[in-house]
2 protein chains.
Amino acid sequence: MSKPLEGISVLDLTRVLAGPFCTMLLCDMGANVVKVERPEGGDDSRSFSPFVGDDSAYFMSINRGKKSITLNLKTVEGKKLLERLIERFDVLVENFRPGVFERLGFSAQRLREINPRLIYTCSSGFGHSGPMSHRTAYDLIIQGLSGMMSITGPDENSPTKVGSSIADIFCGTFACIGILAALHSRNLTGKGQKVDVAMLDSMVSVLENAIARYAATGEPPVPIGNRHPSIAPFASFKTLDGIINIAVGNDVLWEKFCKAIGRPEMCDDPKFVNNPARVRNLEELMEILGGELEKRTSDEWLGVFGKLDIPSGKINNIADIFEDEQIRAREMIVEVPHRCGNVKMPGVPIKFSDTPASIAGPAPLLGEHNREVYAGMLGLSDLEMEELKRKGII
Amino acid sequence: MSKPLEGISVLDLTRVLAGPFCTMLLCDMGANVVKVERPEGGDDSRSFSPFVGDDSAYFMSINRGKKSITLNLKTVEGKKLLERLIERFDVLVENFRPGVFERLGFSAQRLREINPRLIYTCSSGFGHSGPMSHRTAYDLIIQGLSGMMSITGPDENSPTKVGSSIADIFCGTFACIGILAALHSRNLTGKGQKVDVAMLDSMVSVLENAIARYAATGEPPVPIGNRHPSIAPFASFKTLDGIINIAVGNDVLWEKFCKAIGRPEMCDDPKFVNNPARVRNLEELMEILGGELEKRTSDEWLGVFGKLDIPSGKINNIADIFEDEQIRAREMIVEVPHRCGNVKMPGVPIKFSDTPASIAGPAPLLGEHNREVYAGMLGLSDLEMEELKRKGII
């Protein structure tokens, strides 16, 4: 069976996370992704801990299935080789700081001249316009600037970073959407275009209720821990041996829940009879429920709630998710054979019935596909390749 | 100028957040999205606070630009109308609990019979397979089960929910990618297919370094506040009047940073000379830096660091982002005219040079486009529509 993006070719000049996450998605869906790396050391993330054998587990996970070629873009010959590659690809993705690729000789205009059908996609911290465009960005900085940290955390004095680098990842994900939409558009117009996606824009677009709430009330929301702003009980609770989440989303569930915890009288109590009443009397509610829930273990409670289909669940750690039956059934932790043995990484979250996506193979060694690309695609001879290598160009 | 998805039609049976976020992205990019709502009250999120006038600001934001028709899917005539619509659309998206749409008479097989070119996309908490498939999911429950809460928070005893509902949003975003990839595939094969995306799968796929780290070391990562696991100083710091983020990503920046804070001697100190040393002596480092940084205000420090391009930034709250110059320059907070006045909401994070995406218009009133769709597309007469309305079918 073929994959959904079979036949699409992607020239990948990205490093570290945002861009590589985008091209990973394209690669898992069947695109032919050729990663262009500098000859000296390649993508910085090849040296990021932790390591398995000599290889970065981080790099291996985000770059699975891609091909790697080396190319020194600071040399005239290197730039000429890149031009010849650009002629032959559908998509080019880069995540240089804005201005850098242009100074190397590759403005959006120049790229269009080389290949009018090219989808040119740039991902960056702040985007290719605006007063902050040229500033250096890291995920932490963007999480702070975007407002996401101001609504995450245990209480209003503790703005908290999301544990994974979601500013990078949302940026890569929206870049992927942009590329696919631009491909669709190209089918109609015959023309490529530039797609510009920023980490900061991406994070602002996923603040969800916080923006609507501030726009409607004029009150900036603050971190409220694991509670819901307008539904109760909908929070994390301590049990005898851990913490669990419970989400009593409506009054029907509330009635079931009161019986389940052995407090059936609470659902007739005017203080707790419906959601607005429970939100009004939240502190008292949480104190009573806290007292009940700490009497039994997490597994005991989840067994009781599971039978009644009261939404509830563990706070799994990363070891737990490797053992979780649902996550296993959905093939969301997979093993990919590498030279250092099998490496575990996340699976593909998009399940296509007819053209299933899958991990195409291990991450490439630096320059592993030089021959395939430079000889196979551009027709360079062994001698020419040796010469380029000697000069530090590939 | 046309938009990138001009000509694509989407029949949208989704409610609340994950599905509606997906179809919002498609709509912003030019797809014709027809939202199918139950005649009694429509999408539940029409009643979610906060309100602007009589309308939910939450609903208005996520459903901007879509069309709304009413349809009772529990009636025989309602099902027949849906079949006639399905024949005419490119994409159908639903986020019912797995099994519900099938029990209404619309299995994947049946949908394929009605329209072999249809891209049928389902988004759900746990996906359409596996032992938990039929369980009810809320964002909080999925954030807990996915491991994301176990790596977010101030310390290892405080697993913390991300402030926005990113399990829903990532699910909607991956569903959008799946739809666009399936459209590409359909261009080659002529056939539609089923695309199944789960909130839990989506969250596992964005855990990033946490999975590589656990797989390589066998140690499940824990929340470490706003610090970086292997780079220092890379964290939030208290200033005289607030908190700022600073990301000293390499030793060149470290030298600049030491001078900037008036402690040039620190960069020669063997305890702090390079990143591994700084990580080893993290507590001492953080104490010294904490002492220096609390001497001046956030704005003073950010002025100093900004001039030297040391990555740094405020922890903006939602009020701040409405005033942020970069966010304004990128049009990431936009005003959309509604019957109740202008409503502010996030802009589109994907900037296309030739076929720009944009918000097509306000969110629809319930059933606002019944005539356009039922008369214009299916050819029903006024009399037939009156009759259907009387029977509670539309």
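Start with helices H1(B) and H7(B): their crossing is right-handed, meaning that the near helix is turned clockwise from the far one by less than a right angle. This is a predicted model, in which local features need pLDDT of at least 70 and side-chain atom pairs count only at pLDDT 80 or more, while totals for chains, interfaces and linings use all residues. Residues are numbered from 1 along each chain as its sequence is written, chains are lettered from A and ligands numbered from 1 in the order written, and side-chain values use heavy atoms, without hydrogens and water.

**The helix pair in chain B**

Select residues 18–28 and 166–189 of chain B. These are H1(B) and H7(B); their axes come within 7 Å and cross at roughly 45°. Helices here are DSSP runs (H or I, at least four residues), and strands likewise (E, at least two), numbered from the N terminus. Axes are lines fitted to C-alpha atoms, for helices over the stretch in contact, with angles from 0 to 180 degrees between N-to-C directions. H1(B) and H7(B) are therefore oblique to each other (under 35 degrees is roughly parallel, over 145 roughly antiparallel, 65 to 115 roughly perpendicular, the rest oblique).

Now show side chains. H1(B) contributes B:Ala18, B:Phe21, B:Cys22, B:Leu25 and B:Leu26 to the contact (heavy atoms within 4.5 Å). Across from them, H7(B) brings residues including B:Ile169, B:Cys176, B:Ile179 and B:Leu180.

**Helix H13 in chain A**

Move to residues 298–307 of chain A. Which residues of H13(A) are buried? Pick A:Ser298, A:Trp301, A:Leu302 and A:Phe305 (buried is under 20% relative accessible area, exposed over 50%, partly exposed in between; 1.4 Å probe, protein chains only). They lie on the same side of H13(A), because their arc around the axis is only 95°, taken from the directions from the helix axis to the C-beta atoms.

Just after the helix, stop at A:Asp309, with a positive phi of about 55°.

**Zoom out**
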